[in-house]
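Here is a friendly walk through one protein model. Have the sequence and the 3D view open as you read.

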Amino acid sequence: MTDRAAEIAANLAEVRTRVDAACARAGRDPAEVRLLAVTKTFPVEDAAALVDLGVLDLAENREQEAGPKAEAMAGLRPGAPVRWHMVGRLQRNKARSVLRWAAQVQSVDSGRLADALARAAAAAVEAGERAEPLEVLLQASIDGDPARGGCPLEDLPDLAASVIRSSDLRLRGIMAVAPLGTQPEVAFERLAVAAGRLRAEYPSATELSCGMSNDLEQAIDYGSTCVRVGTALLGGRGLASP
């Protein structure tokens with residue numbers, strides 16, 4: 001094992017310990033919380049080290065970085081059942097490209113994007129590029145600030161309706177980031193209420209993707225089923241990435 005792989009292994013063990021402890025405090029089973037490793041700006045070799053450690057859910061936030069990285073991973077770890085997730089803001093003209101590598105898009109924040117993904121998914125299935133519908137999460141804006149992206153909480157029902165119109169999309173739940181300047185507990189409580197309403201209407205929308213390196217414990221307290229962790233696994237990023 002290289003020094004870098006050993007560093008990643010130690011970081012992963014610490015993150016898993018944090019998740020286990022948070023679940024114990026919340027009275028939850030750690031198996032209910034999926035670890036999504038955010039590998040943006042890091043080399044594919046770091047992502048491969050995580051795969052070797054059993055982390056098979058990987059996330060990127062830029063399509064132009066993710067596509068080549070997913071292709072490189074297929075060469076480095078052929079046959080590994082890696083699932084790539086798109087967690088960044090996505091332009092509609094990138095919908096077809098993201099369908100080539102993403103198992104799930106967690107950042108659907110408008111009906112127009114949902115429609116673009118549905119068309120791209122249908123075309124990909126027809127072309128034999130994928131066999132399964134695209135899983136999507138609605139990106140919620142907890143504070144309603146349009147500058148940060150996301151759908152305002154009160155508009156989520158309409159967005160969900162846009163998604164379920166297509167048989168080529170599968171609505172799986174909600175994703176959000178706690179806004180800067182807001183206590184994570186306050187943000188995640190609001191999000192949990194919205195997620196509960198969505199599940200009541202669409203029982204298959206069970207995923208609540210919230211919590212990152214600095215607030216995963218609070219997110220688990222409020223029912224997160226997917227924590228998106230980058231810095232705590234791979235370290236600080238040398239390149240700025242919105």
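## Where to be careful

Where pLDDT is low, the predicted coordinates should not be read in detail.

For the protein as a whole, the mean pLDDT is 95, and 98% of the residues reach 70 or more.

Now turn to helix α2, which spans residues 44-52. How many of its nine residues are buried? Seven of them are, so to speak, under cover: α2 is mostly covered. The buried residues are Val44, Asp46, Ala47, Ala48, Ala49, Leu50 and Val51.

What do the buried residues of α2 pack against? Their partners are the helices α1 (3-26), α3 (63-76) and α9 (231-234), together with the strands β1 (34-38) and β2 (57-60). After α2 comes Gly54, with a positive phi near 95°.

## Two helices side by side

Two packed helices are described by the angle between their axes and the distance between the axes. For helix α5 (residues 111-126) and helix α6 (residues 156-164), the axes come within 9 Å and cross at roughly 15°. Because angles under 35 degrees count as roughly parallel, α5 is roughly parallel to α6. Their crossing is right-handed.

Which residues make the contact? From α5 come Gly111, Ala114 and Asp115, while α6 supplies Leu159, Ser162 and Val163.

Methods. Residues numbered from 1 in each chain as written. Predicted model: local features only at pLDDT ≥ 70, side-chain atom pairs only at ≥ 80, totals over all residues. Heavy atoms only, no water. Axes fitted to C-alpha atoms, helices over the stretch in contact; angles between N-to-C directions. Helix = DSSP H or I, 4+ residues; strand = E, 2+ residues; numbered from the N terminus. Parallel < 35°, antiparallel > 145°, perpendicular 65-115°, else oblique. Left-handed = near helix turned anticlockwise from the far one by under 90°. Contact = heavy atoms within 4.5 Å. Buried < 20%, exposed > 50% of the residue type's maximum accessible area, 1.4 Å probe, protein only. pLDDT = per-residue confidence, 0-100.
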